[in-house]
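User: Could you help me learn to read a structure like this one? I would like the general idea of each feature and then the case at hand.

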Amino acid sequence: MGPARTIHLSDYRPWPFTIPTTRLDVVVHADHTLVTAELELEPAPGADPQTGHLVLLGRDLQLESVCIDGEPLAAEAFHCTAEELRIAEPPQRPFRLLTRCRIHPAENTSLEGLYASGGMLTTQCEAEGFRRITFHPDRPDVLSRYRVSIEADADTYPVLLSNGDCTASERLPGGRHRVIWEDPFPKPSYLFAMVAGRLVEVSDSFTTASGRPVRLRLHVEPGDEPYTAHAMASLKRAMRWDEEVYGLEYDLNEYNIVAVRHFNMGAMENKSLNIFNSKLVLADAETATDAELERIESVVAHEYFHNWTGNRITCRDWFQLSLKEGLTVFRDQSFTADLHSAAVKRIEDAALMRSVQFREDAGPTAHPVKPAEYQAIDNFYTTTIYEKGAELIRMLHGVLGPEAFMAGMQRYVERHDGQAATTEQFVAAIADGAGGDGESPAPVLDQPAFRRWYELAGTPRVAIERHWRPGTGELVLQLSQHTPATPGQPEPKPPLPIPLRLALIGPDGTRLPFRMGEEARSRAEERLLLLDLPRAEVVLSVDSAAASATAETTADATNGAAAPALSLLRGFSAPVLVEMERPTSELLHLFAHDDDAFARWDAGQILQRQALIARAGGQPDVALEQGLLEAFGRILGDGRLQPAERCCLLLTPGLADLEAVLPEPDPLALHAAREAFLSHVGDALQEPVAGVLTLCEAGWAEPWPAGAGERDLTALLWRWRTAAGDAGVMEAAAAAVHGRSMSLARAGLQALQAHRGAWRERALQAFHDRWRDRPVILDSWFALEASAPFADGIARVERLMAHPAFDPLAPNTIRSVFGGFSRNVPAFHATDGSGYRFLAERLLEVDARNAITASRMAKLFSRWGSYGPERRARMRDALEQLSGAELSPNTREVVAQCLGAGGD
């Protein structure tokens, strides 16, 4: 296989034709499918005349005929290869191009295009799957109105679905039937969808704000109907929220969702026909955890919100992917925050950014939110595109304010509805709408400067030095920013506009009013500082009484004088790392009193990281750990905090968070230190933990979302006490697998995960036996077994691969087993490199069947250069093992990035 072609943003050119109308005729047979595509083509306004060839893309297609305006083309008038159809001298006028192709969905294991899954046919066309169905330009800036006819055997495929509204259906001779779907809204080919199969329909209805009824239908395999109520209710909540918050109403007569087991993505927003990974549809409190129920609600909302931010307005090219994904993630995050706890949601989103996206930014696969080039676009469905992209939207919201931002969103929808847009156009529309006076941009938003956030890779660092002037009550902040070098983007990089929301916390835990800068006349308890220069100095002034009251709060590292506690980056106001010396006393004060949930959590995370790293180095910090124990005890007993908030504040940093702050981390030492710390905490806080567990029991039986916080807090406290060897808690954790709450069942299994013995084995066996016929749930059993932190991890995974329910074609199962193995620290990070070699061998097998899943899992090796010499060499050997094999373009690109960047 030759080297993959690199696609450059700078090479973008509009396609020379438009396709106002597309007619697809799909005829399904037992061993193949015939696809007839009629494209109405017109020369694009202003396009260069096509004196050469018209190029349409196709993959794994058998071309049977090609016609223009009803006339078959002569053999010399076109040329068909394995990747494209070239038509010589296309007409320079409107014309109709008709192609007929034969495809084989049952042989398609890529899970792209049209493929067979569990007895049904389904599609996945984003990003480049439509070319596996028919010859087409298959690019997001070519929009068309689709009319789709599907014909199939009525008994094998009684349900035939596509985009839009169903306009006709008829019975045909020979036990066959045909259904016609028409979508009146122009869409790119990646939003095309089709499903054919024996499915059961669960229906409901929704009345829009304007009084128009919409038919809602969920399609699932027979027997799964009882598990659809949560997804349906989530859809209706999302529809109402989008009307009330954004003023966006659904635009068709029906909305369909289909659950599919074999699916690379979580879900796909195809216009009016969302196709979901069944894991994100089928659930209730007995079969899914509270976190999974919230995740389902969020994903259902995300795909629905795409109807406007992704479908009605799509992206011009794949470099603009975050235009739809980052914006829609921000919208689904806001939806979840409005319905549940905004504080907990913000902490969860910030934690994901730091543990996953910051790690991506610091590795060889780092890329901007708007990449400049790619080889396989499937490799760019990343936390950078999605979550960092959402943080850019959140910064706009924070800088402009809610009202101005929503005015900008209204302008964006009005200006670009029915178009394929760019991030530049989005930022311009937000600025223009927020300005409030016609086309005048919002003065606070420097568009060229803000657009650098889309163009620069890496996590910006903000360094802060403080100087306290007790006589005048002035806290002087000297700030600087820099963004480290990343692959293809060396330093120095230009400055970014970084919004830093801050406050000063007094000794009694209240915020101190202060002025910011020489021109500020009024005092406020919270300010937004916009750092848009490489260096800046800012003076925060508190009144003399407040200044003197801070005498016992913290010590300024520069001159030993007393200084207020600085609550910084409140609400995680920008996706940056802050570098600032902070005394333990100040962090403990913020951890105890800060009224901003993120800033308080952040202080606790810093303290816990310091304690864990000290333990990993063999010298526990006794004083720090004692301070943490006292803080934990206060949080456990603080009735003003909701259980979910207490759980967030008490969570221990994970391995990725610890590795990120060390130059050459030792994962085995960090894992051991973390387990020892949990044991120490569980032992020291036995009495308050017992009291809180008793209180939590009252909420165990409450239906989601009520009781979720109590169940989450129970899971954390069970983990502490089992780490400390509490036999009574182990018994309770094991018994939970027999109850009606999946949250408690999984909490019990997680609490027992590190304990090789009878309690764990009996509980896992009981869980397996109870759910062995439910693949969606059994995948969590696979993940638990594969991630068990024991040295026999390879043998354990090999046994799982021989399990009758192990499905090598199901991405969920693959991720559960091999992704689970990567979380087994003793086995995956074994010093002899056996874990790395084993995973590399498995990824080669996966890559031969499903390149998308394999390439994403290959990123598990992306941080190889951050480890010590011996581990680095073993991990590089595994990467070279992959590099020397026959790989898909997707996986080869990831492996080459890892090796080419040296892993640094």
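This is a predicted model: local features need pLDDT of at least 70, side-chain atom pairs count only at pLDDT 80 or more; totals for chains, interfaces and linings use all residues.

User: Which residues touch the most other members of the largest nonpolar core?

Analyst: In soluble globular proteins, nonpolar side chains tend to be buried together. A nonpolar core is a set of buried Ala, Val, Leu, Ile, Met, Phe, Trp, Tyr and Cys residues joined through side-chain atoms within 4.5 Å. Buried means under 20% relative accessible area, exposed over 50%, and partly exposed in between, with a 1.4 Å probe and protein chains only. Here the largest core has 258 residues, and F426, L540, W720 and F861 touch the most other members. Helix 5 (residues 383-400) gives the most to this core, with 8 residues; helices (H or I, at least four residues) and strands (E, at least two) are DSSP runs, numbered from the N terminus.

User: What does F861 touch, not counting residues up to four places away in sequence?

Analyst: Contact means heavy atoms within 4.5 Å. The partners of F861 include F828, Y836, L839, M875 and C898.

User: Is T486 buried or exposed?

Analyst: T486 is buried, because its relative accessible area is 9%. T486 sits in the loop between strand 26 (474-482) and strand 27 (498-505). Beyond its neighbours within four places in sequence, T486 is in contact with D361, A366, A457, G458 and K493. The side chains of T486 and K493 are also joined by a polar contact of 2.8 Å. A polar contact is a pair of N or O atoms within 3.5 Å; within protein, one must be able to donate a hydrogen and the other to accept it, and residues adjacent in sequence count only if both atoms are side-chain atoms.

User: Where are the cis peptide bonds you would show me?

Analyst: Look at omega. Another joins E126 and A127, with omega about 5 degrees.

User: And what is phi in L111?

Analyst: L111 is not a glycine, yet its phi is positive, about 60 degrees. L111 counts as buried, because its relative accessibility is 4%.

Conventions: Residues are numbered from 1 along each chain as its sequence is written. Side-chain values use heavy atoms; hydrogens and water are left out.
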